[in-house]
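Please read the following report beside the sequence and the structure.

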Amino acid sequence: MNFHLKIWRQEEGSGQGTFQDLEAKDIPSEASFLEMLDIVNDRLTEAGEEPVAFDHDCREGICGACSLTINGIPQGPGRGTACQLYMRKFNDGETIYIEPFRVGAFPVVKDLVVNRSAYDRIITAGGFISERCGNAQDANDTPVPKTVADYAMDAAACIGCGACAAACPNGSAMLFVAAKVGHLGLLPQGKPEANRRVRGMVAQMDKEGFGNCSNFYECEAVCPAGVPAAFIAKMNRDYALASARHAVEATA
Amino acid sequence: MSTITLDPKVPAGPLADKWTNFKTASKLVSPANKRRYELIVVGTGLAGGSAAAVFGEQGYNVKCFCYQDSPRRAHSIAAQGGINAAKNYQNDGDSVDRLFMDTIKGGDFRSREANVYRLAQVSGRIIDQCVAQGVPFAREYGGMLANRSFGGAQVSRTFYARGQTGQQLLLGVYSELSHQISAGTVKMHPRHEMLDLVLVDGHAKGIVTRNMVTGEIESHSADAVILATGGYGNAFYLSTNAMGCNVTATYRAYRRGALFANPCFTQIHPTCIPVSGEYQSKLTLMSESLRNDGRVWVPKRKEDCGKKPSDIPEEDRDYFLERKYPSYGNLAPRDISSRSAKEVCDEGRGVGPGGLGVYMDFADAIKRLGENTVRERYGNLFEMYENITGENAYRTPMRIYPAVHYTMGGLWVDYELQSNIPGLFVIGEANFSDHGANRLGASALMQGLADGYFVLPYTIGNYLAPLRGTRPETARPEFKQAEEEVRERIKRLLSIKGTRTVDSFHKEIGKLLWDECGMARSKEGLEKAIRRFDEIREEFWTTVRVLGDGDELNQSLEKAGRVADFIEFGQLMCEDALDRNESCGGHFRVEYQTPEGEALRNDEDYFYVSAWKHTGDGKRPELVKEPLHYEGVKLATRSYK
């Protein structure tokens, strides 16, 4: 197959970039999207041109390193990450636009590589259960209803790739934050810190410059892990309650 | 004979008491003194992330490094199946002893007995810890934890979180690590790659890293260095590992004097989606559970290989696993299934592109159970298969082929998980001790977390306590020299400006290892490979083309350094395979098999750990042996007929 690529190239530290036109010729239809980029990069190297930088690692859709916007869609068309996208899904001769994630809070490092450390900082602001490794009680001492565990797992499946924020017209990270708040807040082990957690994480999210949710649900549409946007509603409720409690009770 | 004697430091006493005895006798660092120490942890997978978090909780100052942009992306995240623990929640007769026995037998009697026993002892605690930190394991309706069975065991002791157990365990570790980062005890350095180990007066006291964004070469000193840098499966180029997984950290430590143990013990997983072309960058695993209902076959005649599977009548099909292993059939263990698939493909009876594949056919299961039941059991896997191959496995058989998955070998460590270099500790897949010659399913996650949460935090005290936080400054000449060597190497890689891409070398050594040091190995082939590696190394350092600069994000440069190490390391794997004149676990030497073609172990001559010492560039490494001693286990032959 042949493709006409328009790939975002940006020098490190420049803050500005442009689309480079590249022809991807004789690409096997069974190649994955990233393997297509490998082929393009090999040819660039052979021609003495610097290859395109892009983040990738596990190539099986779980590590969350992928951060490409393909034809305007974060992680590309279809469910799943860019590494799980195969070239046979495109038409022969098609023009494909490849850009980094476009969110102010994820500055471009180089070409298609962005800096997503804002997500790590949000987790650091409360996305955990404060417990100490040592003598935790027996794992079966506290029963967790199957429905609760399953629902928590729906949220915990988030791979932290950032597609949600990249897809949101407001550049909002609400789905990411809500997934962690939901996952831990649903489980009995996460309840003692639930108020503190949601307030801390939301404050950090705001500080990082992410926008707010205005119910476009673009995040849910692109989420490779299928995290439901309903968790955002749950987080809003948790946040409102936690803030109210904090205003009236010193203990919350 | 070697000048080094390896002391595994296995504590005295009966097997079941060794760990308690050790803990009672081990030295402690008082809470007030802990803050005087600095520890370096390289790698943030299950082992490294958990160790860093626990050290932070205990009050040590931790500097933690990973090559990924976030500690949450370490490749532990990709583990699907589950984690073993001897909880006996199912009341099916499980116990520490049984988990220990299964693991040691699964390893084909080449692991260190006392380490494996300890692993089984701490396994239950791991589950408690994970639940406490919010890992949403699968539950039963009553709210209790659910279990499933895995290969090599007759009990249900595997805990799981859908098909994403590794992800959930790693995110648990990451959250605990994040807690410590927020507490200020752990300082995280993502996008940093360790390029050398620094020794001061014979002790590991620091590392040299490259900041992968700015290219800056930095020195970091500490009281001890902990490597948790995973396995070396990517030496084969194609594997189920992540693209960035590499051997550089452990190999650089090896070059500085750490011994590398059993490098030839690699695990080839039988059910992966086959290679479809030259461009392919990685192999995707299809869960082993498919073999419960899938029948594995190839055409009896070479001429039929090009035909559509539906055009090949029943009598022209060879269900080779059922034929060779009638009692285990399609559920024969990993090493045997993998080798059998290779044999039929070598005979020219493989199917699919390049003839490297065998069919896994669900037609009988669909006829017997109905398509819906098959969909309920394996729907997500069939979907994944279709996404990758474009084929509908409900209509046509899947094509599968073995792929490199895990490496049992690693840096040599004693019972304290300390290498032969004082102050250098190695945990998780990066060390060698617990899986012998073959790892059982759901045991890698168990070992990573055991090492990081429950073993190293206790064993490191003996080394640290007498030091009182007296680490050297990075201004010392040892650091400056190591930095200089790293810079020099990078400069050299960038200045060759040759004609071949890094990937072309990686593919070449991958194929060489796969052919000669893969599922079947021979003296002749290994000797040939060892010679060929010398030539490849020469070619690499004269013809490789690495573009760009060293002082920026440069993915070709990163890869070039890793592949250069894989070239040297691949040779070491072959040396190890050549020395081991027996077949055991993942190591199958064609000269050593029974008349029926089964692995022939030689306990008389090879009941030892092969630990290799670097002796200089271009020189053969030196073999140091750690003889194995078993107290609780009788050696036996595995049979699956």
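In this predicted model, B:Val358 has B:Ile400 in strand 15 of chain B as its bridge partner. Strand 14 (residues 358-361) and strand 15 (residues 398-407) of chain B are paired in the antiparallel sense over 3 bridges. They belong to an open sheet of 5 strands in chain B, ordered 11-15-14-12-13, with antiparallel pairing. Strand 11 (266-272) and strand 13 (317-318) of chain B each have a single partner strand, so they stand at the edges and one side of each lacks a neighbour in the sheet. Helix 9 (residues 334-349) of chain B lies across strand 11, strand 12 (295-299), strand 14 and strand 15 of chain B, and runs at about 70° to strand 11 of chain B.

Strands of a sheet pair through backbone hydrogen bonds, in either a parallel or an antiparallel way. The table lists strand pairs from both chains.

| Strand pair | Bridges | Direction |
|---|---|---|
| Strand 1 (residues 3-10) and strand 5 (residues 95-100) of chain A | 4 bridges | parallel |
| Strand 3 (residues 68-70) and strand 5 of chain A | 3 bridges | antiparallel |
| Strand 14 (residues 358-361) and strand 15 (residues 398-407) of chain B | 3 bridges | antiparallel |

In strand 5 of chain A, A:Ile96 is the bridge partner of A:Leu5, and A:Ile98 is the bridge partner of A:Ile70.

Next come two helices. The axes of helix 5 of chain A and helix 8 (residues 230-248) of chain A come within 8 Å and cross at roughly 70°. Angles of 65 to 115 degrees count as roughly perpendicular, and helix 5 and helix 8 of chain A are therefore roughly perpendicular to each other. Residues of helix 5 of chain A in this contact include A:Leu175, A:Val177 and A:Val181, while those of helix 8 of chain A include A:Phe231 and A:Met235. By class, the contact of these two helices has 9 nonpolar, 2 polar and 2 charged residues.

How many residues of chain A are in contact with chain B? There are 62, and they meet 62 residues of chain B. The largest share of this side of chain A, 7 residues, comes from helix 1 of chain A. By class, the side of chain A that touches chain B has 30 nonpolar, 13 polar and 19 charged residues.

Methods:
Residues are numbered from 1 along each chain as its sequence is written. Chains are lettered from A and ligands numbered from 1 in the order in which they are written. This is a predicted model: local features need pLDDT of at least 70, side-chain atom pairs count only at pLDDT 80 or more; totals for chains, interfaces and linings use all residues. Two residues are in contact if their C-beta atoms, placed from the backbone, lie within 7 Å. Ala, Val, Leu, Ile, Met, Phe, Trp, Tyr, Cys and Pro count as nonpolar, Asp, Glu, Lys and Arg as charged, and the others, Gly among them, as polar. Axes are lines fitted to C-alpha atoms, for helices over the stretch in contact, and angles run from 0 to 180 degrees between N-to-C directions. Angles under 35 degrees count as roughly parallel, over 145 as roughly antiparallel, 65 to 115 as roughly perpendicular and the rest as oblique. Two strands pair if DSSP finds at least two bridges between them.
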